[in-house]
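Subject: Structure handover

Hello,

Here is the structure I said I would pass on. My notes on it follow below.

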Amino acid sequence: KSITFIEEFKEMTSEFKEFPDYVPDDGITAAELVSEPDWEDGSTAASFFSGKEGLTYNDFLILPGYIDFASKEVTLNSPITKKITLNTPLVSSPMDTVTESRMAIAMALMGGIGFVHHNCSAEFQAEEVRKVKKFEQGFILDPIVLSCSHTVNDVKKVKESYGFSGVAITDTGKLGGRLLGIVTSRDIDFLDDFDQKISEVMTPREKLVTAKAGTSLSEANQLLQASKKGKLPIVNEDDQLVGLISRTDLKKNREFPQASKDKNKQLLVGAAMSTHEKDKTRLDMLVNAGVDVIILDSSQGNSIYQIDMIKYIKNRYPDLQIIGGNVVTAAQAKSLIDAGVDGLRVGMGSGSICITQEVMAVGRPQGTAVYRVAEYARRFRVPVIADGGITCVGHITKALALGASTVMMGSLLAATSESPGEYFYQDGVRLKKYRGMGCLAAMKDGDGAKERYFSDQDAIRVAQGVAGSVVDRGSIYTYIPYLVAGIQHGCQDIGSRSLFTLRSMMYDGKLKFEKRTLAAMKEGGVHSLHSVEKQMQL
């Protein structure tokens with residue numbers, strides 16, 4: 001009966017005449033499924049990012065390499081601008097809930113750098129920069145100086161403002177005056193009368209150990225250690241004060257050997273400013289305070305305003321390093337590189353508190369943005385900062401592997417002890433407030449936020465950020481070492497002994513990438529457990 005049916009069916013359709021030649025070939029082979037001819041694992045960065053789709057850090061993994069070294073051997077020094085290199089590729093964001101002087105000091109001590117926000121008065125920002133520059137120094141070239149006419153209360157104010165109470169006393173109350181004595185905390189700690197004259201409580205000149213101008217730092221250190229004094233004044237042949245060395249600085253040098261410092265042994269610090277005409281005055285104040293690098297803070301850096309400001313700064317302060325941004329395309333980067341920037345900040349709408357992509361329909365997934373901009377900027381030796389989209393240490397390693405020289409963090413650092421603001425408890429969890437500079441609250445509190453998003457002249461302001469809270473992460477001094485160790489272990493697994501080698505492997509095609517499916521992302525995270533206790537660091 002079946003044979004009869006087939007014959008009848010053949011008569012019904014002529015197309016069935018082809019069926020006898022049909023070869024069953026359902027599905028594809030395993031080789032075709034994984035698409036790896038000649039046993040070639042993964043894809044090079046050039047081929048991986050050659051498509052037209054945008055990729056985030058979670059969309060891919062880096063394939064492991066060969067290990068023949070310990071993770072602690074991985075060196076992490078990397079440039080942030082053409083002339084400034086950091087020992088740790090970590091940067092704190094210029095946000096008002098992230099970076100003021102305390103955060104900037106901590107970041108510099110740990111080998112990175114902090115950028116003081118500009119959602120405040122120029123005077124406040126310059127003073128925050130000044131606090132960083134004065135915090136730790138070899139030779140303190142611009143020490144706080146008072147005169148005998150000042151009171152103990154003036155010394156107390158110095159301690160409140162700068163965090164130390166060791167003050168040199170000269171006849172003029174200024175650097176360059178004849179040295180008369182020194183006041184330290186041991187002279188005033190147990191005093192009740194704050195109106196006493198400094199001359200009544202200071203250690204007089206004849207009891208001080210001093211060093212002559214021209215003494216090397218090592219020689220001065222030996223003198224300080226031998227004398228067991230807290231301060232070592234540096235005087236010229238006329239006994240006029242020209243500098244100072246602090247014992248606590250010697251201790252800091254031993255505790256923080258990776259600290260980011262300038263040629264005068266002062267901590268490195270950056271600051272943000274807008275492209276508005278009025279911020280030219282802010283620029284002068286920041287330079288006078290000792291700022292090392294300026295970030296032009298804008299959500300969209302490819303503008304005539306930023307280009308003009310770059311040219312103005314380069315003309316007025318040729319040696320001052322400038323970071324432009326934000327950019328996410330090679331075309332944007334070209335405009336700022338042509339204008340003369342020394343570094344680029346990459347990211348638009350990828351931060352945890354940023355809603356630019358949602359509201360403005362503009363931006364780019366961060367993985368693709370970092371690779372595209374870095375690949376172009378390297379031709380001009382302009383370093384790139386990956387800014388945004390970082391939620392874990394693995395994302396930092398991925399950003400560095402895509403060509404970024406450093407990584408800027410906001411939410412990861414906002415809940416540390418050194419960020420501005422106070423902790424609070426909610427449902428038993430210790431939190432700190434964190435907000436995007438594009439949120440309405442930030443725009444209301446300062447001009448810097450409005451100017452960053454070109455909203456300062458708008459009658460109706462459109463928010464490009466939100467406000468929220470983040471879980472306590474402890475101190476920078478314990479959290480940054482955790483991030484550093486994570487990066488070193490990531491580089492070890494990849495087979496790279498340094499960040500320079502990591503970038504070279506990527507551009508030479510030796511570093512291989514592989515896209516992740518949604519199922520792969522789930523598999524790569526915590527899964528299949530009844531309960532979990534996730535402790536990221538000790």
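Buried here means under 20% relative accessible area, exposed over 50%, and partly exposed in between (1.4 Å probe, protein chains only). Helices (H or I, at least four residues) and strands (E, at least two) are DSSP runs, numbered from the N terminus.

This is a predicted model, in which local features need pLDDT of at least 70 and side-chain atom pairs count only at pLDDT 80 or more, while totals for chains, interfaces and linings use all residues. Residues are numbered from 1 along each chain as its sequence is written, and side-chain values use heavy atoms, with hydrogens and water left out.

Helix α5 covers residues 122-135. Its buried residues are A122, Q125, A126, E128, V129, V132, K133 and K134.

α5 packs against helix α10 (residues 279-289) at an angle of about 15°, with the axes 8 Å apart (axes are lines fitted to C-alpha atoms, for helices over the stretch in contact, and angles run from 0 to 180 degrees between N-to-C directions). On the α5 side the contact (heavy atoms within 4.5 Å) is made by A122, E123, Q125, A126, V129, R130 and K133, and on the α10 side by R282, M285, L286 and A289.

Some backbone points: most residues other than glycine have a negative phi, and most peptide bonds are trans. The peptide bond from G325 to N326 is cis, with omega near 0°, and N326 lies in strand β15 (residues 321-327). D239, not a glycine, has a positive phi of about 60°; D239 sits in the loop between β11 (231-235) and β12 (241-246). R381, also not a glycine, has a positive phi of about 55°. R381 counts as exposed because its relative accessibility is 73%.

Regards

Notes:
The expected span of a helix is 1.5 Å times one less than its number of residues.
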